[in-house]
Amino acid sequence: MLHSDPSQPQSLGADLRALRKARGLTLVDLSDMLGRSVGWLSQVERGKSDPSVTDLRSIAKALDVSVSSLFRQDAAVFEEQGYIVRAASRRPIGSREDGLIEELLSPDLTDDFEVLHSTFEAGSSIEHEVRRDTQEVAYVVSGKLDIWINGTTHSLGTGDSFRLRGEPYKWSNPYSGPATLIWVISPPVY
């Protein structure tokens, strides 16, 4: 079980290590995918070496995350690092494709879970089912959202919540306003 020490600022390397492990990849697996040495990747994960922008693009592709999710926003003051994420300092997560805007609410990706603020724009949807080896719970803060879980359609409104345990799902917001959800995913996938 991973636990971050809030007195130690988390690094890009710690997030990369958490993402690699969440995908079931070893250092050897990921270094082979990147065409880099295990030693180099180990140094990046330990914060001893900084990857280039080209390296970050390759890492993001290999881990199936957006490059922007690997960059920190405004640095937290020392006393807040590992504890507090200010609204203006949230890291964008995902690609923003399909009308979904996601931001990381967790201070980093080193816990056994991640918490996201997800906004589904009016008229947005995904066409293909998603299936992840995760446990997920989401709460509708505002708006309406339709979700298909394992082939069954559910219409959700403000205050509703749902859980996924590896079932295939897809979503749609055919409504006139955005839907905002708080989404908890274990293990982290972004």
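Trainee: Which residues are linked in a network of salt bridges?

Mentor: Arg17, Arg20 and Glu45 are linked in such a network, where a salt bridge is a side-chain nitrogen of Lys or Arg within 4 Å of a carboxyl oxygen of Asp or Glu. Please keep in mind that this is a predicted model, in which local features need pLDDT of at least 70 and side-chain atom pairs count only at pLDDT 80 or more, while totals for chains, interfaces and linings use all residues. Residues are numbered from 1 along each chain as its sequence is written, and side-chain values use heavy atoms, with hydrogens and water left out.

Arg17 forms a salt bridge with Glu45, and their closest N and O atoms are 3.7 Å apart. Because Arg17 lies in helix H1 (residues 12–22) and Glu45 in helix H3 (residues 38–45), this pair ties together parts that are 28 residues apart in sequence; helices here are DSSP runs of H or I with at least four residues, numbered from the N terminus. Arg20 also forms a salt bridge with Glu45, the closest N and O atoms being 2.6 Å apart, and this pair links distant parts of the chain, with Arg20 in helix H1 and Glu45 in helix H3, 25 residues apart.

As for burial, buried means under 20% relative accessible area, exposed over 50%, and partly exposed in between, with a 1.4 Å probe and protein chains only. Glu45 has a relative accessible area of 3% and is therefore buried, Arg20 is buried as well, whereas Arg17, at 27%, is partly exposed.

Note on methods
Helix = DSSP H or I, 4+ residues; strand = E, 2+ residues; numbered from the N terminus.
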